[in-house]
Amino acid sequence: MAEVKLHGFWYSPFTFRVVWALNLKGIPYEHIEEDRFNKSPQLLQYNPVYKKTPVLLHDGKPICESMLIVEYIDEIWPQNSLLPADPYDRAQARFWVKYVDEMFSLIAHLDSTSDEEREKAKKSIWERLGVVEDQCLGDERKFNGGDTLNIVDIALGSFVKVIDVHEDLFEVKILQSERFPRLKLWFNNFKDVPIVKENTPSKEKLVALFKPLIEKILARK
């Protein structure tokens with residue numbers, strides 16, 4: 001098997017995606033922890049356009065952007081397929097991945113020093129999650145992929161994990177069971193999957209990392 005390396009941040013939801021995919025496929029790899037404030041020359045060489053993580057190195061060839069990496073992994077190692085075989089279903093899966101990725105921009109506004117901006121961000125996230133609740137998780141399947149995780153579950157799981165942490169950081173309830181019963185059930189199922197549980201930092205660890213940074217931001221209010 002060709003050598004596989006992953007450049008990433010242990011706390012990044014985008015790195016989580018690649019880690020989950022590799023482990024779901026049973027692919028051994030070397031994790032190279034990057035420093036957010038002092039990125040390695042190798043990372044800058046492998047991703048000269050965006051200069052960011054994650055970057056997967058497969059047989060010396062770099063692949064960038066988290067969900068493109070996940071698709072690459074799925075093509076190279078077809079076991080435990082993450083994308084549907086049917087072209088229509090595959091297109092639908094890519095649609096929801098794109099939809100989830102667009103939601104990440106809303107999270108930044110939760111870090112705002114303005115109460116009004118944070119409230120507006122919360123409502124925008126609620127609106128988006130309502131669409132996921134009704135259209136993406138609108139049946140009796142355990143996951144979007146049925147009984148097993150697929151590419152949509154990986155994308156959505158990384159986003160919901162961030163929201164879960166932000167709830168503690170800002171003492172705000174976004175993932176309300178009464179508002180999003182399917183999403184809440186889905187997330188409980190998702191985080192209990194052994195591969196996810198064993199390869200994701202705990203909420204407590206992530207909150208401990210980000211809380212001092214958030215307090216500095218809010219102190220400037």
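What share of the contacts in the chain with a separation of 6 or more is accounted for by residues 24 or more positions apart? In this predicted model, such residues account for 69% of those contacts. Along the principal axes, its C-alpha atoms fill a box of roughly 50 × 45 × 30 Å.

Turning to burial and surface, 47% of the 221 residues are buried. The chain exposes about 11,700 Å², and 52% of this area is supplied by carbon and sulfur atoms.

One part of the chain carries a database annotation. An unreviewed UniProt entry lists residues 2–81 as "domain: GST N-terminal". That span is 38% helix and 21% strand, and its end C-alpha atoms lie 20 Å apart.

A closer look at a single residue brings the picture down to side chains. Trp186 sits in helix H7, which covers residues 181–191. With a relative accessibility of 1%, Trp186 falls under the 20% cut-off and therefore counts as buried. Beyond residues up to four places away in sequence, Trp186 touches Leu137, Lys142, Phe143, Asn144, Asp153, Leu156, Gly157 and Val160. With Asp153, the side chain of Trp186 also forms a polar contact of 2.8 Å. These two residues are 33 residues apart in sequence, while their C-alpha atoms are 9.1 Å apart in space.

Note on methods: Residues numbered from 1 in each chain as written. Predicted model: local features only at pLDDT ≥ 70, side-chain atom pairs only at ≥ 80, totals over all residues. Heavy atoms only, no water. Helix = DSSP H or I, 4+ residues; strand = E, 2+ residues; numbered from the N terminus. Buried < 20%, exposed > 50% of the residue type's maximum accessible area, 1.4 Å probe, protein only. Contact = heavy atoms within 4.5 Å. Polar contact = N/O pair within 3.5 Å; in protein donor to acceptor, adjacent residues only side chain to side chain. UniProt positions renumbered as here; feature names shortened; annotations may be inferred. Areas by Shrake-Rupley, 256 points an atom, 1.4 Å probe, with all protein chains shown as cover.
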